[in-house]
Amino acid sequence: MLTTEEILETIKMVQEENLDIRTITMGISLRDCADSDPRAACRKIYAKICRQASKLVQTGDEIAREYGLPIVNKRISVTPIALVAEGSSLEDYLEYARALDRAAEAVGVNFIGGFSALVHKGFTGGDRVLIESIPGALSSTERVCASVNVATSRAGINMDAINLCSRVIKETAELTAEADSVGCAKIVVFANVPEDNPFMAGAFHGVGEPDCVINTGVSGPGVVKSAINRAGDVDLGTLSETVKKIAFKITRMGELVGRTAARRLGVPFGIVDLSLAPTPAVGDSVAEIIEEMGLERCGAPGSTAALALLNDAVKKGGAMASSYVGGLSGAFIPVSEDAGMITSVTDGALTLEKLEAMTAVCSVGLDMVAVPGDTPAETIAAIIADEAAIGVFNHKTTAVRIIPAAGKKVGDQVEFGGLLGQAPVMAVNSFKAEKFVQRGGRIPAPIHSLRN
Amino acid sequence: MNRLKGIPGGNSGNQNAGDGSNRIIITVIGPDRVGIIAAVSNLLADNNINILDISQTIMQEFFVMVLVADMEKAAVDLVSLKDLLHGKGEELQVRIDAQHEDVFNYMHRI
């Protein structure tokens, strides 16, 4: 039997603590849309997305109202376009990006992910064309998101791919300079990328996935923060228990919404991504959870330990709440999308180096970090390589979403608006890494025994 | 602890949640005044919605009512009912929500 207290707890989570379903993401395979005639391929892509996702937004809105749970985003992920477009011998894949953008607009979603390539071991012709098309694609479309997987724990780290990606990021920053280089907010460079991630900008529909699938991503940093606050002056074991219990409850909502959406749309249910995804709204911040645990500011000594506790407890509690957990699952620590992280950077508590250390125990990596526009491509490549090394050698997903904001200097602000938020430009270590990254080639996969 | 009899609970393993049962939870929160229960129950009766259980309490100075109802034979769907309740809430200066019971079962029952 439910109690009044339990019912009121749920209502409080939604009304006061910003509990929401962050995204329902429909994964759509475009493998059957490949065609040697690119125009035919784009026609098929547009038609398939519009067919599969025609009711996605409407269904999401209906479920949100019936359950009284906000569903913030309805989105689409597709097969990495490098795989679909490779059969058409084009110089660039802008036509494909535009087809995705038009389809996303037609079905009413704000982002579509999958302008992607998987090059952890090397490039095919199509992979190279796709990556080189990213700056043009992101500066000429609104909704398309790009991602590149440059490393895995099995294949090692592809430095040539990282070098190419860093040049692409710089070029995208220049092409979208008038909008504070917002194009870079839509490129994610991954190590160990998951194939069922529902969160943008890194979502794509992996090759082992079914034709169409529904994945959900939950959120709720505010709920976790309140639970820790209510727990009061307890030891760290009890704190972890508190987070586990609340993560269970949050994840159950993702499971319920995901299963209901999948059934109503007549497609299989994939996974719940049991993430804590912050937004720029006050009280919806992962940094504030860390501060609630007892640190003066996120980024202070102890922040890595606090984040490790949080991330692990979220996974433990969430894993029991869902039959299928996947995606990125854990606590995100983006800078521009988290009011507490922004304050920490502005106050000088959080540096890029500390953030990098924290990514070793968070769910993804260096996310939505703005750096000066004159940061050399080689330095960006080296930052990506460091982050990939953390992922590859610790067998976790890591990623870099970095914005070398054109014309901006340390201390300036960049404004992206909406969920992408705003970020202070952070200082980058100015010593050079050029000679190292320009060696190119691949860093071999790590040994799987002798673990120290 | 007030236990609500209308809800069996513990059926959260049910993977067909959402479309199986027609039970909803209506919550009313706000300053106490004459006629809240009458207004809400009249609205439900007008729309052929059966009340299974009511629990009410005063928390701090606020009136809190939780009501379990069955929409099996309801004349409106849940989304329209929410609009009606919301309007009634504004009239009474209280906050009225209606949600499918699965939300609560899923969150609080294994």
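Helix axes here are lines fitted to C-alpha atoms over the stretch in contact, and the angle between two of them runs from 0 to 180 degrees between N-to-C directions. On that basis, H1(B) and H2(B) cross at roughly 160°, with axes that come within 11 Å. The model is predicted.

**Helix pair within chain B**

- Angles over 145 degrees count as roughly antiparallel, and H1(B) and H2(B) are therefore roughly antiparallel to each other.
- The crossing of H1(B) past H2(B) is right-handed.
- On the H1(B) side the contact involves Ile36(B), Ala39(B), Val40(B) and Leu43(B), and on the H2(B) side Leu84(B), Leu85(B), Lys88(B) and Leu92(B).
- Sorted by class, this contact of H1(B) with H2(B) holds seven nonpolar residues, one charged residue and no polar ones.

- H3(A) passes H2(B) in a left-handed crossing.
- The residues that meet are Glu62(A), Arg65(A) and Glu66(A) from H3(A) and Leu78(B), Val79(B) and Lys82(B) from H2(B).
- The class count for H3(A) with H2(B) is four charged, two nonpolar and no polar residues.

**Cis peptide bond in chain A**

- Between Met200(A) and Ala201(A) the peptide bond is cis, and its omega is near 10°.
- Ala201(A) sits in the loop that runs between strand E6 (187-191) and strand E7 (212-218) of chain A.

**Positive phi at non-glycine residues**

- Asp180(A) is not a glycine, yet its phi is positive, at about 55°.
- The loop between helix H7 (159-175) and E6 of chain A contains Asp180(A).
- Asp180(A) counts as buried because it has 27 C-beta neighbours inside 10 Å, the cut-off for buried being 20 or more.
- Asn48(B), also not a glycine, has a positive phi of about 60°.
- In chain B, Asn48(B) belongs to the loop between helix H1 (36-46) and strand E2 (50-59).
- Asn48(B) counts as exposed because it has 12 C-beta neighbours inside 10 Å, the cut-off for exposed being 12 or fewer.

Definitions and conventions
Residues numbered from 1 in each chain as written. Chains lettered and ligands numbered in written order. Predicted model: local features only at pLDDT ≥ 70, side-chain atom pairs only at ≥ 80, totals over all residues. Left-handed = near helix turned anticlockwise from the far one by under 90°. Helix = DSSP H or I, 4+ residues; strand = E, 2+ residues; numbered from the N terminus. Contact = placed C-beta atoms within 7 Å. Nonpolar A, V, L, I, M, F, W, Y, C, P; charged D, E, K, R; others polar. Parallel < 35°, antiparallel > 145°, perpendicular 65-115°, else oblique.
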